[in-house]
Amino acid sequence: MGTAQRGSRGTDVSLTGIGSPLSLPPSRAMRVRHLECASAIPAAQWDALFPPGYPFTRHAFLTALERHGCVGPELGWTPCHAVLADDSGIAAIAPLYLKAHSYGEFVCDFAWADASRRIGHPYYPKLVNAIPFTPCTGPRLGARDASARIAMAQQLPALATAAGLSGAHALFVDDTDFAACVTAGMVERNDVQFHWYNAGYADFTAFLATFSSDKRKKILRERRRIAEAGIRFEHRAGHELDEAAWRQVYRLYANTYAERGQRPYLTREFFLDYGRQSDTAVRLVLAFEGTEMVAVAILLRGGDTLYGRHWGAADRYNGLHFETCYYQGIEYCIREGLNHFDAGAQGEHKLARGFTPQITRSAHWLAEPRLFDAVTDHLERERAYVGEREALLDAHSPYKRVTDATSPEV
């Protein structure tokens with residue numbers, strides 16, 4: 001696989017070694033160039049194009065991933081961020097990666113890769129507009145205005161074509177960027193996640209009061225079990241932990257992967273840097289048994305949303321995951337007045353704990369016409385299925401129905 005040439009001082013750069021160079025000639029005074037690392041652009045210029053409330057497209061987060069070995073060619077995540085500029089300066093930025101596999105994306109396209117191989121077209125590498133290891137809906141195209149956003153979206157298939165790649169994919173895209181991707185001829189893929197929304201609850205007890213009686217009692221039993229085990233919790237911002245505490249946090253995080261025989265996505269050095277910055281978005285739920293830290297939930301705060309990202313534990317405690325990753329996060333949101341808790345991908349078990357189903361969107365374009373036609377047809381049917389599944393899940397919500405609200409307690 002080719003590697004990107006490091007951009008500096010606004011010079012045009014391209015990826016070489018994969019088909020034709022990953023660059024396009026100037027068009028209507030717009031020029032596109034590629035960066036091997038986000039740090040090739042000053043943080044202020046990068047961040048000015050993205051909403052400030054979404055932490056994962058911030059310059060500090062992406063550069064920390066690159067600086068500390070979380071992404072790179074050897075890991076199958078080669079940064080090749082696209083920058084669209086004209087005579088007025090930078091018009092748009094898209095965090096892009098050449099992917100040598102489909103791991104760490106949370107949008108499974110392994111069947112597409114297999115079909116592509118069977119018809120004689122290599123699927124990898126592919127071009128991905130995404131945040132590594134982060135299935136959190138948000139902006140994927142930073143732009144100074146609507147026309148620049150559309151222009152950058154149109155570059156995604158064009159850049160993949162120019163480089164001879166199998167396709168372009170924008171993952172967990174918000175509504176604004178998704179609309180721009182549609183104009184570029186990309187097709188929609190849906191999935192379901194489970195998110196929590198704050199209805200102005202005074203406290204956790206008020207939140208549980210909205211549940212049906214049996215569901216409420218189940219959660220109270222789960223929480224009581226943890227309290228009786230002597231587990232206590234602390235909520236801390238990342239910069240409030242010293243290096244020794246962060247090293248213990250990382251050991252717990254890495255242990256979760258080790259139990260599955262996997263390599264952790266994020267490195268210890270990433271957390272020691274990004275997690276300890278004075279303005280870091282990282283928030284931690286720390287679980288202690290006595291003085292020993294036995295579990296952790298690693299979250300990020302941005303705007304009015306708390307994002308649950310990672311979990312780690314020293315041992316298996318009955319119900320500790322639910323308490324650390326969900327109930328403590330809900331309590332944090334209520335206390336801090338946050339409106340939204342995105343606790344991560346998958347997990348129908350979240351439904352019984354007050355999280356509601358929400359459809360996510362990704363946008364896809366494939367260069368091989370037969371494969372693209374087949375995928376387009378499949379996605380149309382899959383979207384209908386996902387919509388039906390969302391409605392079915394919503395019908396099993398733990399919240400009181402209208403008839404419940406006037407029924408006596410049991």
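**Figure 1. The largest nonpolar core of the predicted model comprises 45 residues.** A nonpolar core is a set of buried Ala, Val, Leu, Ile, Met, Phe, Trp, Tyr and Cys residues joined through side-chain atoms within 4.5 Å; buried denotes under 20% relative accessible area, exposed over 50%, and partly exposed the range in between (1.4 Å probe, protein chains only). Phe 61, Val 249, Phe 270 and Leu 284 have the most contacts inside this core. At least two core residues come from each of helix 2 (59–67), strand 4 (89–94), helix 8 (243–259), helix 9 (268–274), strand 11 (282–289) and strand 12 (292–302). Helices (H or I, at least four residues) and strands (E, at least two) are DSSP runs, numbered from the N terminus. The most is given by helix 8, with seven residues. The model is predicted, and local features need pLDDT of at least 70, side-chain atom pairs count only at pLDDT 80 or more, and totals for chains, interfaces and linings use all residues. Residues are numbered from 1 along each chain as its sequence is written, and side-chain values use heavy atoms, with hydrogens and water left out.

**Figure 2. Surroundings of Phe 270.** Not counting residues up to four places away in sequence, Phe 270 touches Phe 61, Ala 64, Leu 65, His 68, Cys 70 and Gly 275; contact means heavy atoms within 4.5 Å. Another core, of 42 residues, lies apart from the largest one, and Ala 82, Ala 91, Leu 127 and Leu 371 are among its members.

Figure 3. Rings of Phe, Tyr and Trp (its six-membered ring) pair if their centres lie within 6.5 Å; planes under 30 degrees apart count as stacked, over 60 as edge-to-face and the rest as tilted. Tyr 103 and Phe 110 form a tilted pair, because their ring centres are 5.3 Å apart and their planes stand at 50°. Tyr 103 is exposed, at a relative accessible area of 52%, whereas Phe 110 is partly exposed, at 38%. Trp 365 and Phe 372 are paired edge-to-face, with 6.5 Å centre to centre and 65° between the planes. Trp 365 is buried at 15% relative accessibility, and Phe 372 is buried at 14%.

**Figure 4. Charged side chains over the faces of Trp 77 and Phe 204.** A charge sits over a ring if NZ of Lys or CZ of Arg is within 6 Å of the ring centre and within 35 degrees of the ring normal. Lys 99 is placed over Trp 77 at 4.0 Å from the ring centre, and Arg 223 over Phe 204 at 4.2 Å.

**Figure 5. An open, antiparallel sheet of four strands in the order 1-3-4-7.** Two strands pair if DSSP finds at least two bridges between them. Strand 1 (31–35) and strand 7 (142–143) are the edges, each with a single partner strand, so one side of each lacks a neighbour in the sheet. Strand 3 (residues 81–86) runs antiparallel to strand 4, joined to it by five bridges; Val 83 has Ile 93 of strand 4 as its bridge partner. Helix 4 (residues 146–163) lies across strand 1, strand 3, strand 4 and strand 7, at about 130° to strand 3. Axes are lines fitted to C-alpha atoms, for helices over the stretch in contact, and angles run from 0 to 180 degrees between N-to-C directions.

Figure 6. Strand 2 pairs with strand 5 (residues 96–99) in the antiparallel sense over three bridges.
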